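Work through the exercises below on charged side chains, with the sequence and the structure at hand. Each task is followed by a solution in steps.

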Amino acid sequence: MLLQNLRNYLCFIILTVLIVSLNSCDKKEEAKIPSYIVIDSIRLTTDYPHQGTASHKITDAWVYVDDEPVGVFELPARIPLQYEGVHKITISAGIKLNGIAGTRAPYPFYNDYIIKKLNLVKDSVIKIEPTTTYKTSTQFSWLEDFEQNTVSLKATSRSDTTFIRYSQSDSVFQGHYSGYGLLQDTMTLCEVASSNAYEFSSTVSAVFLELNYRSNVSFTVGLFVNTGSNEVQQQVLIINPSKKWNKIYVNLTPTVSSYFGANNFKVFFGYIRNTDEPKAQVYLDNIKLVNF
């Protein structure tokens, strides 16, 4: 009789443990069911006369819930969130620094898109359509869209050609004109620099060059640095050819910072023609030099 009672007691204990374990698993599984937000793209709006084009290449959404980071998501994205109820959602517009996929970051000049109160429901999907603008602290030191009669790019003394305004519709990115540089025949080098030189204070925190481009050759972006005693030509980035129009954000911050105390800077573009190629062609549009 005692043995039978012991068996019954052990069976009861085992059954209780199993029930508790199953309930615990159910709760864990239930807790793992997320809510979702969907972001197809992030749109940029600008005040064109003062900020230039709204063309952008926002590739990622940096997502925060209640100011806590959730992750970085390539767009378009379906984003799982382990939250329920009302929360603050912040989305930062992300780019590829220097066009390199391995160097993604929020673009410092774009405002965050914030939803102060969003009700998240488990296993539901909410579509969000974020927009962004430039921060009011952004300084637009140089804007060149090639729509004016004069071009703010000048050939250097060693260049075989210069950039001109080009209006053929199949080679214009936006508006009526783009900038066009051509090397052919006996020409081998194109090198142009901004007409103006730009000063950056010791407190500058970020300097970027934005541009749309299309080319059949690689070309260099860099800075002519006026140190006061001499002029230094500093290469920053080599941009690969692109058959279609592309957008890139060139990070000039490390170069500017490394020449602390320099009098001023000019932006330059340069490329050479392989003599086996009949034409080396580079198209530029919507150049922006931004900083704060």
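A salt bridge is a side-chain nitrogen of Lys or Arg within 4 Å of a carboxyl oxygen of Asp or Glu. The model is predicted, and a search of the whole structure finds six salt bridges.

**Exercise 1.** Determine which residues are linked with Arg104 in a network of salt bridges, and where Arg104 and Asp60 lie.

*Solution.* Start with the pair Arg104 and Asp60, whose side chains meet in a salt bridge at 2.7 Å from N to O. Arg104 lies in strand 7 (residues 104-106) and Asp60 in strand 3 (residues 60-65), so this pair ties together parts that are 44 residues apart in sequence. Finally, consider accessibility: Asp60 is buried at 1% relative accessibility, being under the 20% cut-off, whereas Arg104 is partly exposed with a relative accessible area of 28%.

**Exercise 2.** Find the salt-bridge partner of Asp40, and state which parts the pair ties together.

*Solution.* The partner is Lys127, with the closest N and O atoms 3.0 Å apart. Because Asp40 lies in the loop between strand 1 (35-39) and strand 2 (43-44), while Lys127 belongs to strand 9 (residues 125-128), the pair ties together parts that are 87 residues apart in sequence. As for accessibility, Asp40 is partly exposed, its relative accessible area being 38%.

**Exercise 3.** Is Glu191, the salt-bridge partner of Arg158, buried or exposed?

*Solution.* The closest N and O atoms of Arg158 and Glu191 are 2.8 Å apart. Glu191 has a relative accessibility of 4% and therefore counts as buried.

How values were computed:
Residues numbered from 1 in each chain as written. Predicted model: local features only at pLDDT ≥ 70, side-chain atom pairs only at ≥ 80, totals over all residues. Heavy atoms only, no water. Helix = DSSP H or I, 4+ residues; strand = E, 2+ residues; numbered from the N terminus. Buried < 20%, exposed > 50% of the residue type's maximum accessible area, 1.4 Å probe, protein only.
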